[in-house]
Amino acid sequence: MRDRDHADKTWPLPWSVTALLLGAGIAQAASLAWPFKGDWSGVTQGWLQCLSMVVLAGILDRSQSRKQAFLSGWIFSFAWLVGSIWWLFISMNKYGGLPAPIAALAVGLLASGLALFYGAACTVFYAVCKTGVSILLRASAFAAVWVLAEIVRGTIFTGFPWGAVGYAHLDSVLQHWAPWIGVYGLCALTAFIAMAIGAEKRERNPLSGVGKVGIVIFVAALAFTWGTSPSRATNDAHQSQHPLRVTLLQGNIPQDMKFGEGVSRALHDYREALLSNTSDLIVTPETAIPLIQQQMPDRYWQPLEAHFSNGNQAALIGLPLAMKSEQGQLKYSNSVMALMPQTSPAVTANYQYDKHHLVPFGEFVPPLFQWFVRMMNIPLGEFTPGALAQPSLIFKGERIAPNICYEDLFGEELARSFADPNNAPTLMVNLSNIAWFGDTVAIDQHLNISRMRALELGRPMLRATNTGATAIINARGEVTHRLPSAVQGALTAEVYGRHGPITPYAQWVSRFGLWPLVGFALLILLLSGATAHASRHGQRRFGP
């Protein structure tokens with residue numbers, strides 16, 4: 001960006017470059033849930049994401065100041081994040097009652113705040129790599145700062161990693177890396193490729209020294225990618241001998257009716273479906289029954305308990321629960337209750353899972369934001385979080401691990417249940433209600449998030465949702481069955497759990513979390529910085 005003719009004194013980027021960055025960011029958002037279906041749609045998503053990031057990498061590598069580098073990363077990321085989470089506007093405006101300008105401003109402020117992480121990452125890249133660094137090290141440094149920004153966004157203030165770039169590669173050739181390095185590793189890999197393609201060629205002989213080694217490594221990595229498959233990471237894992245017949249219920253209760261006139265409809269429809277179904281396992285969406293047990297009509301819950309305790313079926317039911325604390329106060333949780341056969345008349349306890357990762361503003365109010373919550377007419381709850389890595393439900397030879405709503409966005413937390421491979425889940429179940437966001441791209445984005453978890457952890461994922469996407473995903477991250485969105489229905493199929501060895505990703509992230517990625521990224525940055533410093537020192541000492 002040495003040509004500054006089209007940049008004014010207050011805006012350091014040419015307006016044409018600004019427009020290009022905005023367009024590339026929007027294109028990257030589109031790559032996360034490609035609206036066009038077809039045999040090549042998944043490959044198209046991957047290519048579109050790579051090309052979008054190549055634009056950013058090329059502009060960033062040619063930046064002439066830290067301000068240019070920061071703005072390049074911030075503008076691109078702002079457009080990408082707005083394009084990824086714009087549907088939050090629906091929940092705040094349509095269901096929360098916020099005036100449209102305020103709701104739009106809130107989405108814009110959230111995206112602009114999250115984009116600061118990527119602007120800062122690009123500033124660090126410029127400081128480290130502005131001179132004296134080979135393409136290999138620049139690509140590695142860009143991968144390092146990008147994955148650090150993604151991890152910070154996904155963890156700080158409880159985290160909001162929705163729209164991470166790795167999700168664009170669920171159906172591209174890079175998917176084969178997911179069982180080894182997870183979605184954050186895919187983020188780093190795509191950033192490396194983007195900078196390797198888009199970087200300015202500064203070396204007189206790019207194949208000399210470390211560049212030659214880098215080319216060998218890169219070719220070997222590509223060969224590994226083409227020569228492996230997701231199942232290769234769990235070659236020794238095996239499916240259950242007998243299938244589990246499952247039914248996933250999709251009530252399609254409109255969000256504006258869910259806590260009002262829709263309550264009676266939900267109570268009736270879900271009870272009828274639970275009592276009439278003959279599958280081994282029946283799953284309802286999150287808060288399918290929107291009342292705590294103390295508020296339920298007389299003789300509502302007891303017949304359900306009796307039906308499942310005396311048979312050979314089980315049901316996973318999403319509902320809020322209330323329990324008394326030691327001080328006698330009621331505590332609420334967003335929970336899953338399993339009604340199932342009892343081993344003896346003396347045993348009446350049912351399995352319970354309490355949501356661990358709560359949604360800010362929806363399930364708890366962050367400090368200093370009470371004023372914002374009071375502006376919205378949404379039935380918000382102050383829920384108590386459950387423990388991390390709660391026990392699985394054991395039923396008919398399967399270890400079934402529930403998760404609720406956007407908990408499946410945090411793969412490193414789900415992986416904690418895999419720390420003991422002998423007791424690792426054989427099947428995962430997600431119960432969700434994202435009717436808050438309408439019949440929008442949020443449904444397909446969330447489906448892709450569940451697909452990534454299945455691919456990373458090598459276990460099937462069942463999804464029971466209120467409005468979509470209710471689906472069955474196999475251990476390779478492929479959707480095998482799916483209901484149309486925004487309709488009432490039941491999805492029934494036979495599912496085989498996966499037993500035996502776990503994926504390499506599950507092995508290391510269940511023990512160490514994301515720290516190995518963080519440590520490796522910091523090491524790359526130190527190496528790049530040291531190399532750049534030595535190069536600049538050599539130039540000053542010996543001259544041209």
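Two strands pair if DSSP finds at least two bridges between them. Helices (H or I, at least four residues) and strands (E, at least two) are themselves DSSP runs, numbered from the N terminus. With mixed pairing, six strands here form an open sheet in the order β6-β5-β4-β3-β2-β13. The model is predicted: local features need pLDDT of at least 70, side-chain atom pairs count only at pLDDT 80 or more, and totals for chains, interfaces and linings use all residues. Residues are numbered from 1 along each chain as its sequence is written, and side-chain values use heavy atoms, leaving out hydrogens and water.

**Whole protein**

- The protein has 15 helices and 14 strands.
- Of its 544 residues, 56% are buried; buried means under 20% relative accessible area, exposed over 50%, and partly exposed in between (1.4 Å probe, protein chains only).
- Its accessible surface is about 23,500 Å², and carbon and sulfur atoms hold 62% of that. Accessible areas come from the Shrake-Rupley method with a 1.4 Å probe, and for residues only the protein chains shown count as cover.
- A contact means heavy atoms within 4.5 Å. Among contacts with a separation of 6 or more, 74% join residues 24 or more positions apart.

- Strands of a sheet pair through backbone hydrogen bonds, either parallel or antiparallel.
- Four bridges link β5 (residues 330–339) and β6 in the antiparallel sense, and S335 stands opposite D354 in β6.
- Helix α9 (residues 262–276) lies across β2 (244–250), β3 (281–283) and β4 (314–324), at about 165° to β2. Such angles run from 0 to 180 degrees between N-to-C directions, with axes as lines fitted to C-alpha atoms, for helices over the stretch in contact.
- Helix α10 lies across β3, β4 and β5, at about 35° to β5.

**F308 in α10**

- F308 belongs to helix α10 (residues 301–309) and is buried, because its relative accessible area is 0%.
- Not counting residues up to four places away in sequence, F308 touches L274, I282, Q313, A314, A315, L339, M340 and P341.
- From F308 to L339 is 31 residues in sequence and 5.8 Å in space, C-alpha to C-alpha.

**The sheet from β7 to β12**

- Another open sheet of six strands has the order β7-β8-β9-β10-β11-β12 and mixed pairing.
- Its edge strands, β7 (393–395) and β12 (479–482), each pair on one side only.
- From one strand to the next, the twist averages 20°.
- Strands β10 (residues 461–465) and β11 (residues 471–473) run antiparallel and are joined by three bridges; M461 stands opposite I473 in β11.
- Helix α13 (residues 441–457) lies across β9 (427–432), β10, β11 and β12, at about 155° to β10.

- The expected span of a helix is 1.5 Å times one less than its number of residues. The 30 residues of α5 (residues 100–129) should therefore span 44 Å, which agrees with the 43 Å between its end C-alpha atoms.
- Helix α5 bends by about 25° at L116, the bend being the angle between axes fitted to the seven residues ending there and the seven starting there.
- Q175 lies in the loop between α6 (135–155) and α7 (178–198) and is buried, because its relative accessible area is 16%.
- Q175 and E456 are 281 residues apart in sequence and 9.5 Å apart in space, C-alpha to C-alpha.
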